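The following paragraphs lead through one structure, going from a strand pairing to the sheets and then to the ligand. Please keep the sequence and the coordinates at hand while reading.

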Amino acid sequence: MPNQEDFFKKVVSHAKEYGFIFPSSEIYDGLAAVYDYGQLGTELKNNIKQYWWRAMVQYHENIVGIDSAIFMHPRIWKASGHVDAFNDPLIDNRDSKKRYRADVLIEDHIAKIEDKINKECDKAHKRFGEAFDRQQFVSTNARVLEHQRQIDEIHSRYSELMNAGDLAGLKQLILDLGIVCPVSGTRNWTDVRQFNLMFSMKGGNIGDRSDDSDTLYLRPETAQGIFVNFLNVQKSGRMKIPFGIAQIGKAFRNEIVARQFIFRMREFEQMEMQFFVRPGTELEWFRHWKEERLRWHLALGIPAEKYRYHDHEKLAHYANAATDIEFEFPFGFKELEGIHSRTDFDLSRHSEFSGKKLQYFDSELGESYTPYVIETSIGVDRTFLAIFSHALRDEVLPDGSVRTLLSLPPVLAPYKAAVLPLVKKDGMPEKARQIIDTLKYDFMLQYDEKDAVGRRYRRQDAIGTPYCITVDSDTLTDDTVTVRDRDTMQQQRIPIQGLSDFLHQHIQPIHVE
Ligand code: GAP
């Protein structure tokens with residue numbers, strides 16, 4: 001079993017080697033935290049988006065989808081709070097000239113202490129074997145308790161400083177903890193400054209030139225495109241509360257510390273849904289969406305212990321409940337999706353800034369109000385990374401050889417089946433192509449005739465193709481083929497006319513309702 005770092009390197013190299021993800025602009029030495037999806041990555045990514053869209057829009061008659069523009073009126077970002085408050089605290093090291101997020105330096109420092117606790121546990125586990133009780137060990141071992149005390153102390157000081165926006169205090173904490181620059185090894189730090197994460201550009205003539213309005217921003221979230229279209233959709237679609245508006249689209253953030261492959265990117269994609277409800281019912285709906293969204297993840301067949309909720313204790317000023325669904329990535333549990341109860345903050349702010357009333361007339365109550373909003377927000381790329389890294393493994397076979405397997409949920413796999421003539425002669429390639437011609441309107445298929453069939457199976461295993469359909473000499477006389485299952489490697493004989501039903505049955509869309 002490789003360690004987590006080696007495994008993560010394997011994820012990145014496998015993604016590149018098989019055409020899932022390439023570094024952007026690679027022949028020009030790349031562009032930090034920007035990636036391109038290759039021929040197989042695009043299929044997997046599209047399937048993830050379709051799986052989300054189906055579950056959110058197709059399966060809910062009260063949720064509709066839109067596709068709003070990336071460019072939006074600059075005042076939208078004033079109203080949303082992004083111009084004034086979408087900041088990260090950054091700090092530079094004067095010797096290395098490298099820039100860091102002050103909060104990340106502190107969190108990394110805490111993670112190092114957590115590592116020490118894990119190492120103590122690993123040592124004790126080896127010593128005590130099966131009888132090892134981690135819970136008991138961490139609550140009694142003196143060294144672990146001391147590490148935990150340090151973590152708690154740093155955490156509480158750090159949270160207070162972050163909440164108060166105390167930048168001088170953050171710098172002092174970095175100095176007090178003796179944090180050094182990983183490159184220069186020195187503590188020669190600048191002051192901490194706020195750094196806005198939005199990419200901006202001068203937009204030229206965009207109409208209203210009051211305040212800063214010739215500055216255009218690349219949207220840092222898709223949600224605002226939904227809020228500003230609330231009335232358009234509600235009226236044109238005659239939507240009745242409660243109802244939702246969903247959107248999938250690109251978002252851009254000038255992340256200072258962009259790392260961990262496609263986990264934190266500067267250009268990424270979000271799948272967001274804003275659900276508009278009657279004031280006073282929002283917490284009920286928040287609980288509903290919290291459960292519903294976790295069920296969506298679990299329906300993919302990934303074990304439940306890979307997910308956990310992280311309820312926010314400290315809430316943004318406009319939220320009255322928030323939780324993250326975290327996934328256990330190769331580098332630990334991290335946020336995959338956020339579910340937020342955003343009150344009437346967004347619609348009220350846009351009403352205020354635009355001068356247009358964004359209200360709903362509730363005919364049952366006979367009154368107008370500003371709806372409250374529950375938001376579900378998930379990154380496409382993070383979902384890709386979660387599914388891809390969970391699916392990838394090396395498997396030792398009974399004969400001692402090793403195969404690399406990408407055990408993707410069939411509904412998401414780039415190719416649903418590969419059609420393989422056993423040999424490149426005797427009419428087998430022609431028969432294989434006939435099969436492809438009858439199935440290709442319903443399924444993504446790949447034809448492969450190169451190399452021995454065993455090697456072709458391995459290639460399909462490595463790209464996650466759930467079924468290999470092999471045409472052999474019997475096929476030419478009895479119109480049956482061998483269908484090999486990727487995960488079990490079991491083979492069965494099936495008539496060619498039964499292939500479509502077989503694939504439909506085994507690659508069903510997953511039901512989440
Ligand atoms: N509208 C709410 C919102 O944008 P967020 O927690 O900032 O909330 C939502 O982002 C999701 O978008 C995250 O849970 C994550 O999956 C994804 N995401 C955010 N920043 C990202 C980045 N730099 N790279 C990749 N995905 C990102």
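Predicted model: local features only at pLDDT ≥ 70, side-chain atom pairs only at ≥ 80, totals over all residues.

Aspartate 88 has phenylalanine 195 of S6 opposite to it. Strand S4, residues 87-92, pairs with S6 in the antiparallel sense, and the pairing extends over 4 bridges. Both strands belong to an open sheet of 3 strands whose order is S5-S4-S6, with antiparallel pairing. Strand S5 (99-101) and strand S6 (193-196) are at the edges of this sheet; each has a single partner strand, and therefore one side of each is left without a neighbour in the sheet. On average, neighbouring strands here are turned by 50° against each other, with direction ignored.

Strands of a sheet pair through backbone hydrogen bonds, and the pairing is either parallel or antiparallel. A second open sheet is built from 7 strands, ordered S3-S9-S10-S16-S13-S12-S11, and its pairing is mixed. Which strands stand at the edges, each with a single partner strand? They are strand S3 (63-66) and strand S11 (307-311), so one side of each is left without a neighbour in the sheet. From one strand to the next, the twist in this sheet averages 25°. Within the sheet, strand S12 (residues 321-329) runs antiparallel to S13, and 9 bridges join the two. Threonine 323 is found opposite isoleucine 339 in S13.

A further pairing involves strand S17 (residues 392-396) and strand S18 (residues 402-406), which are antiparallel and connected over 5 bridges. In this pairing, leucine 392 stands opposite leucine 406 in S18. S17 and S18 form a hairpin with 5 residues between the strands, and in this hairpin glycine 400 adopts a positive phi near 90°.

The discussion now turns to the ligand. Strand S10 (267-277), strand S13 (332-341) and strand S16 (372-379) each contribute at least two residues to the shell around the ligand. Which strand gives the most to the shell? That strand is S16, with 4 residues.

There are 18 residues around the ligand, and Glu221, Glu255, Met265, Glu272 and Glu335 come nearest. By class, the residues of the shell comprise 6 nonpolar, 3 polar and 9 charged.

For arginine 253, an N or O atom of the side chain is 2.9 Å from an oxygen atom of the ligand. Leucine 336 presents a polar backbone atom, likewise 2.9 Å from an oxygen atom of the ligand. In glycine 379, a backbone N or O atom lies 2.9 Å from an oxygen atom of the ligand. Taken alone, the ligand exposes 550 Å², of which the protein buries 91%.

These parts belong to a protein chain with 17 helices and 23 strands. The C-alpha trace of the chain spans about 80 × 65 × 50 Å along its principal axes. Of its 513 residues, 49% count as buried.

Methods
Residues numbered from 1 in each chain as written. Heavy atoms only, no water. Near = heavy atom within 4 Å. Polar contact = N/O pair within 3.5 Å; in protein donor to acceptor, adjacent residues only side chain to side chain. Areas by Shrake-Rupley, 256 points an atom, 1.4 Å probe, with all protein chains shown as cover. Nonpolar A, V, L, I, M, F, W, Y, C, P; charged D, E, K, R; others polar. Pairing = 2+ DSSP bridges. Axes fitted to C-alpha atoms, helices over the stretch in contact; angles between N-to-C directions. Buried < 20%, exposed > 50% of the residue type's maximum accessible area, 1.4 Å probe, protein only.
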